[in-house]
Amino acid sequence: AVLRINDYEYGLLPNVNRWRSQIGLGPIEAGALSEISKPVETASGDFGKAFQIIGAEKSILAAAFVRGETSWFFKLIAPNALAELQKDSFDVLIGSFHL
């Protein structure tokens, strides 16, 4: 199943804005989701969206997947330098999952 951001944009936006608030950033509008995300795929062929949200001191790496009525969220929060170092590992982890 191919994930289309518009299919669940309303449900994703509150999560992204909550994550942003956790690192001291303000909310964004739904139209900005596509500007701050990239498509990702799991080993089981599920498509989702990944986010790298960078605050003044901390960053969040996150990914969201929707299959039917079930959603999966993966999130790493760390100081900016550590999050940047773990970005490739986070991408590998997301790509290895079988949902």
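Me: At what relative accessibility does R67 count as partly exposed?
Reply: This is a predicted model: local features need pLDDT of at least 70, side-chain atom pairs count only at pLDDT 80 or more, and totals for chains, interfaces and linings use all residues. Residues are numbered from 1 along each chain as its sequence is written, while side-chain values use heavy atoms, leaving out hydrogens and water. Buried means under 20% relative accessible area, exposed means over 50%, and partly exposed lies in between (1.4 Å probe, protein chains only). R67 counts as partly exposed because its relative accessibility is 34%.

Me: Which residue forms a salt bridge with R67?
Reply: A salt bridge puts a side-chain nitrogen of Lys or Arg within 4 Å of a carboxyl oxygen of Asp or Glu. For R67, the closest N and O atoms are 2.7 Å apart, and the partner is D46.

Me: How many residues apart in sequence are the parts that R67 and D46 tie together?
Reply: Helices (H or I, at least four residues) and strands (E, at least two) are DSSP runs, numbered from the N terminus. R67 sits in strand β3, and D46 in the loop between β1 and β2. The pair therefore ties together parts whose separation in residues is 21.

Me: Is D46 buried or exposed?
Reply: The relative accessible area of D46 is 7%. That makes D46 buried.

Me: Over how many bridges do β2 and β3 pair?
Reply: A50 stands opposite A63 in β3. The pairing of β2 and β3 is antiparallel, and its bridges number 7.

Me: What residues of α2 are buried?
Reply: Helix α2 covers residues 80-96. What covers its buried residues includes β1, β2, β3 and β4. Those buried residues are A83, K87, F90 and I94.

Me: Where does α2 bend?
Reply: The bend at a residue is the angle between axes fitted to the seven residues ending there and the seven starting there. In α2 this angle is about 45°, at K87.

Me: How many residues apart are K87 and D91?
Reply: K87 forms a salt bridge with D91, at 3.4 Å between the closest N and O atoms. An α-helix has 3.6 residues a turn, so residues three or four places apart point the same way. K87 and D91 both lie in helix α2, about one turn of the helix apart, and their spacing in residues is 4.

Me: Which residues do salt bridges that share partners join into one network?
Reply: K87 is buried, as its relative accessible area is 18%. K87 belongs to one network, whose members are K38, K87 and D91.

Methods:
The expected span of a helix is 1.5 Å times one less than its number of residues. Contact means heavy atoms within 4.5 Å. Two strands pair if DSSP finds at least two bridges between them.
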